[in-house]
Structures are given as C-alpha cells and as structure tokens.
Number of protein chains: 2
Amino acid sequence: MAKLPKPGQPVRGSRSGAPIMALFDLLGRRWAMGVLWTLSEGGAMTFRELQDRCETISPSVLNQRLGELKQAGFVTRSARGYVPTPLGERIYRHLVPLGDAARDWSDILDQSDPV
Amino acid sequence: MAKLPKPGQPVRGSRSGAPIMALFDLLGRRWAMGVLWTLSEGGAMTFRELQDRCETISPSVLNQRLGELKQAGFVTRSARGYVPTPLGERIYRHLVPLGDAARDWSDILDQSDPV
DNA sequence: TAGCGCGCTATGAAATCCGTAGCAACGATT
DNA sequence: AATCGTTGCTACGGATTTCATAGCGCGCTA
C-alpha cells in the first residue's frame, strides 16, 4: 500500500517533498480529484451515494481514496456523511476553473478533430 | 495501453465523458501534472532535461505522459524542445494556486502534526 | 426474526508503473 | 573515418495499483 504523501517528506516524484509535488502525488491518484469534486458539488453524502455518483468507482478504491483524503485533512466525516473540510473546499475552488478550461478544451477538440 | 481520455466520450470515471472528468482522467495519471508543471516552470527543455528535473520519473512513463499530453494538445515539441501549448499554459495557470494551497497545507500539517 | 441499507473488506485478475539497460540517430571531435 | 557524447526513446521483468465482484457485520424497522 502506497504511503500517504506529506509535504516535506520524500514523495513519489520528489525527494525534497516540495508541497506541490506531495499534492500532485495525492491528487494524481486515480479518482482522487473526482471524489473531492463530487463531494464538493453534491454536499454531504454517504459512502454508497458517493459511490453511485462516481458511476464506475470500486468500493475498495473509494475507501482508499477517502482514507487518504481524510488523513490529508481534505475530507472529514460528519453526521450526514462525508464532507470536504475548509481546506478541501479550498482545493476544490481551485479545481473549478479547471472545469472551465476543460470545456474549452472540449470545444477545441470538437473543432479540430470532429468524430 | 490506456486510451487517451477525450471529453464527450466515455472515460474512466464517467460514461458521459463530462469534460472535467476527462481532464481528471488525463491529469490523474501518475506524473501528468508534474510534467506539465515542470515544463511550464522551466520553459522549453529536452527529454533528458525534463527527466532530470522530474528526479524520479522513468523514461517509459515520461514518454507515455508526453505522448498523452501532446495528443491532448497541452504540450508540443518545438525546435528547442518540449513546450506547453497555450492551452497547456492555461491549465498550468490554474495549477499555480494549487501550489499556494499546498504550502498552506504543509504549514497546517506542521502545526498539527510535527514530526 | 427477517429484511433492509449501510460502511466497508476480501479476493484474484488486469492494468499501470517502476528501474534498468541499451539501441539508433545525430553532431562534434580527433 | 573512427570515436565520442548527447538525445530520444524502446524493451523488459518485476512491483504496485486499480479493477469488478462478492459478501460480511452492523444497526434499524417491521
């Protein structure tokens, strides 16, 4: 099992553990950003609900990602289910403009390379 | 070999291919964000130089990520080496504030959980 | 006590990633 | 012309990660 990336300690991709590299290690795991995104968009939700919204995630990976996100302090568990922490919300807010860029990307691909 | 995620087509994580999910699929592969980041920070550079800066990346993975980023239109190859495209630059600019958040994250961890 | 939904774990196969070695092409040097 | 160094990558085998599916133990309700 891969250990949790922590800024300041060697992570996959950086011996120095530059914070951004630690974050990339964490968020660059399959589904990590998708989970944070879904959770931030949808508000508090249960494990199963999250699983449904993520369409194709397997429970083992969801559980693992949730554990990592919890340990990293991006997600926590409230009475009504999993929710992003303020720190998690902040990361999410930086992810939002990526959604806009993604839409433009989609438009560009449509123009240059219609299916 | 995993196929290139394209918005509008089913990707890992979304049957509908919502642009953001296609982007998450692409960027959520090991080293994808790190490569884009390194390239944007350092300007045009050769394969080997990129490999050096990424410290621990293997050439096979670097080559694969570069191919994906090229196909996605985020990176291209100029006379002086690999460079991000305008679209790639744009993604990068949205990644920058994540670096700030990562530093704060690092500070928080230092306070709450000193090694 | 039977049925339900819940959070999650177990398992085994498939995909991905890794480090290392090394090849072919090129230009500069001897 | 033979050698050298650099570059962009590919081959390979093993380690890790992700996957789909099945199902367990719990608490609640009827």
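User: Against which helices do the buried residues of α1(A) pack?

Analyst: This is a predicted model, in which local features need pLDDT of at least 70 and side-chain atom pairs count only at pLDDT 80 or more, while totals for chains, interfaces and linings use all residues. Side-chain values use heavy atoms, with hydrogens and water left out, residues are numbered from 1 along each chain as its sequence is written, and chains are lettered from A, with ligands numbered from 1, in the order in which they are written. Helices are DSSP runs of H or I with at least four residues, numbered from the N terminus, and contact means heavy atoms within 4.5 Å. On that basis the buried residues of α1(A) pack against α2, α4 (59-72) and α5 of chain A, together with α2 (32-42) and α5 (86-112) of chain B.

User: How many of the residues of α1(A) are buried, and which are they?

Analyst: Buried means under 20% relative accessible area, exposed over 50% and partly exposed in between, with a 1.4 Å probe and protein chains only. Because 8 of the 9 residues of α1(A) are buried, this helix is largely enclosed by the rest of the structure. The buried residues are Ile20(A), Met21(A), Ala22(A), Leu23(A), Phe24(A), Asp25(A), Leu26(A) and Leu27(A).

User: How are chain A and chain B related, and which C-alpha of chain A is nearest the axis?

Analyst: With copies superposed by least squares on the C-alpha atoms of residues with pLDDT of at least 70 in both, chain A can be laid on chain B with an RMSD of 0.0 Å by a turn of 180° and a shift of 0.0 Å along the axis. The two copies are thus related as by a two-fold rotation axis. In chain A, the C-alpha nearest that axis, at 2.1 Å, is that of Gly28(A).

User: Which residues form a salt bridge from chain B to chain A, and are they buried or partly exposed?

Analyst: A salt bridge is a side-chain nitrogen of Lys or Arg within 4 Å of a carboxyl oxygen of Asp or Glu, and the rule finds 2 of them across the interface of chain A and chain B. One of these joins the side chains of Asp104(B) and Arg90(A), at 2.4 Å from N to O. At 30% relative accessibility for Asp104(B) and 24% for Arg90(A), both count as partly exposed.

User: Which parts of chain A does the salt bridge of Arg29(A) and Glu68(A) tie together?

Analyst: The side chains of Arg29(A) and Glu68(A) meet at 3.1 Å, N to O. Arg29(A) is buried, with a relative accessible area of 4%, and Glu68(A) also counts as buried, at 7%. Because the pair ties together parts that are 39 residues apart in sequence, the two parts are the loop between α1 and α2 of chain A and helix α4 of chain A.
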